[in-house]
Amino acid sequence: MRFVTALHERPRGRVEIQLDGAPWRLVPADAVVRSGLSVGRALDRETARTLGRELRRAQALAHAARALRPRDRSRRALDERLANAGIRADAREEALGTLERVGLVDDARVAAQRAEALAERGYGDAAIRHDLEREGLAGELVEEALAGLEPERERVRPLVERRGADARTARWLAGRGFEAATIEEALGLFADEG
């Protein structure tokens, strides 16, 4: 049986583990703490399993944190990224749970922010709904996000004013997910003014 003879702190939250006087591994400090490693402790089968589990959890958290740097992601989208990276289901679930508890993963926030961003870029409710559902957000969160937006009929007016009230604009608006009745109403308002 091998014994932990030294634990040396290294940069970036890492710890070098020495077994029987020889360097063995460089691992995240929290994995060392959570697995209960200490100088003089035997690295028996149970301790090695616990350390392996903690290393998988740390890997999942690190990968998830990197995926969240550029933008918020839904729980499902983040889970898919972790699965594609080869992270086991138990480690993914624990990492996602941790990130939800600390507020880094919040599907309601993702839905509201994404809906607002798409609305500002000139998309209608149908396109926004489709995008949010594709992201893996629950139906009730999608509906809440849409309800929080300025009504579609208000959002379409500046677009029609800028592009003109013609058939090309109508096709463009339909392609951006605006409802037919909303398009007809907006084009009719501007046609009446002209």
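A polar contact, as I use the term in these entries, is a pair of N or O atoms within 3.5 Å, where within protein one must be able to donate a hydrogen and the other to accept it.

**Entry on Q18.** I am working from a predicted model, and I began with Q18, which I found in strand β2. Is Q18 buried or exposed? I noted a relative accessibility of 15% for Q18 and, because buried means under 20%, this residue counts as buried. I then looked up its polar partner and found that the side chain of Q18 makes a polar contact with the side chain of H8, at 3.5 Å. Leaving aside neighbours within four places in sequence, I listed F3, V4, T5, A6, H8, P23 and W24 as the residues in contact with Q18.

**Entry on the sheet.** I next traced the sheet to which β2 belongs, and I recorded an open sheet of three strands in the order β1-β2-β3, with antiparallel pairing. The edges are taken by β1 (4-10) and β3 (22-28), each of which has a single partner strand, so one side of each is left without a neighbour in the sheet.

**Entry on β2 and β3.** How many bridges join strand β2 to β3? I found six between β2 (residues 14-19) and β3, and the two strands run antiparallel.

**Entry on helix α2.** I asked what lies across this pair of strands, and found helix α2 (residues 45-68) across β2 and β3, running at about 45° to β3.

**Entry on the rings.** Turning to the aromatic side chains, I searched for aromatic pairs and recorded zero in the structure. I did find charged groups placed over rings: R163 lies over the face of W172, at 4.0 Å from the ring centre, and the charged end of R176 sits over the ring of Y123, at 3.9 Å from its centre.

Methods. Residues are numbered from 1 along each chain as its sequence is written. This is a predicted model: local features need pLDDT of at least 70, side-chain atom pairs count only at pLDDT 80 or more; totals for chains, interfaces and linings use all residues. Side-chain values use heavy atoms; hydrogens and water are left out. Two strands pair if DSSP finds at least two bridges between them. Helices (H or I, at least four residues) and strands (E, at least two) are DSSP runs, numbered from the N terminus. Contact means heavy atoms within 4.5 Å. Axes are lines fitted to C-alpha atoms, for helices over the stretch in contact, and angles run from 0 to 180 degrees between N-to-C directions. Rings of Phe, Tyr and Trp (its six-membered ring) pair if their centres lie within 6.5 Å; planes under 30 degrees apart count as stacked, over 60 as edge-to-face and the rest as tilted. A charge sits over a ring if NZ of Lys or CZ of Arg is within 6 Å of the ring centre and within 35 degrees of the ring normal. Buried means under 20% relative accessible area, exposed over 50%, partly exposed in between (1.4 Å probe, protein chains only).
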